[in-house]
Amino acid sequence: MAAARTPPIHARKSPKQQRATQLIEAVLEAAVQVLTTEGAQRFTTARVAERAGVSVGSLYQYFPNKAAILFRLQADEWRRTTALLSGILEQRDVPPPTRLRRLVHAFVRSECEEAAIRTALADAAPLYRDAPEAVTAKGEAARIYHAFVEEALPDVPEAARHLAGDLIKMTLGQVGASFSATPRSEAEILTWSDAMADMFLAYLSALGGETD
């Protein structure tokens, strides 16, 4: 029995004119609106096209199916997350503890601000979780964390540094997703972010890193 074919998840072509770029932007904006209001289970190309004010045929010129639209939204989210990580953790002129605290605050706030779309994309993850882009994005995030911990803990054994980087990455991701699943006040965001940053810094201090 033949295995079921995986639907293509990449765009059919890249826009070469401003009108095409505007169409794609309208489709992606509409896709976010459909996802956040109706969820991944009711997400269809027809709904997206209707919300964007374009024909389904025009949409299909660039996205072969709903999986391709969802993948583009997820890929954009991966790029934003990577930019957030590198923009904060790679500021070598800022002390590592300050960078880590800034990252925790920025990450938690980002999770809360984009909770609806992140939840919907998580529901659609089986469509593209094994895509090469997914593997690359995860690998780049891990590299940034590991490089940061190596800088913060230069005298700690490599295995311990590697573990610390993975632990920070996984804890931020899991706690951020769980915490943002419920609407949060500004005070809650600040309190949780500070508490998690304190936890990470205490852990790094216990490993022998400078955290003052």
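This is a short tour of one predicted model, stop by stop.

**Before you start.** Residues are numbered from 1 along each chain as its sequence is written, and side-chain values use heavy atoms, with hydrogens and water left out. Because the model is predicted, local features need pLDDT of at least 70 and side-chain atom pairs count only at pLDDT 80 or more, while totals for chains, interfaces and linings use all residues.

**Stop 1: the largest pocket.** Select Q74, E77, W78, K138 and G173. Of the 28 lining residues, these are the closest to the centre of the largest pocket. The pocket's volume is about 1,000 Å³. A pocket here is an open set of points on a 1 Å grid over the protein atoms alone, with protein on both sides within 12 Å along at least five of seven lines; lining residues have an atom within 4 Å of a point. The volume is the space filled by probe spheres set on the points.

Now colour helices α4 (66-89), α5 (96-113), α6 (115-123), α7 (132-152) and α8. Each supplies at least two residues of the lining. Helices are DSSP runs (H or I, at least four residues), numbered from the N terminus. The lining divides into 15 nonpolar, seven polar and six charged residues. Charged means Asp, Glu, Lys and Arg; nonpolar means Ala, Val, Leu, Ile, Met, Phe, Trp, Tyr, Cys and Pro; the others, Gly among them, are polar.

**Stop 2: R161.** Go to helix α8 (residues 158-180), where R161 sits. R161 is buried (under 20% relative accessible area; exposed is over 50%, partly exposed in between, with a 1.4 Å probe and protein chains only). R161 has no salt bridge, a term for a side-chain nitrogen of Lys or Arg within 4 Å of a carboxyl oxygen of Asp or Glu. Its nearest side chain of opposite charge, E150, is 4.1 Å away. R161 touches them, not counting residues up to four places away in sequence (contact is heavy atoms within 4.5 Å).

**Stop 3: salt bridges.** The structure holds 13. Select E151 and R92: their side chains meet at 3.1 Å, N to O. E151 is in α7, R92 is in the loop between α4 and α5, and they are 59 residues apart. E151 is partly exposed at 25%; R92 is exposed at 58%.

Next, pick R109 and E186, which meet at 2.8 Å. This pair links helix α5 to helix α9 (residues 186-207), 77 residues apart.

**Last stop.** Select E38, R42 and R47. A network of salt bridges links them.

Key. Lys and Arg count as positive and Asp and Glu as negative; His and the chain ends are not counted. On a 1 Å grid over the protein atoms alone, a cavity is a set of points where a 1.4 Å probe fits but cannot get out, and a pocket is an open set with protein on both sides within 12 Å along at least five of seven lines; lining residues have an atom within 4 Å of a point.
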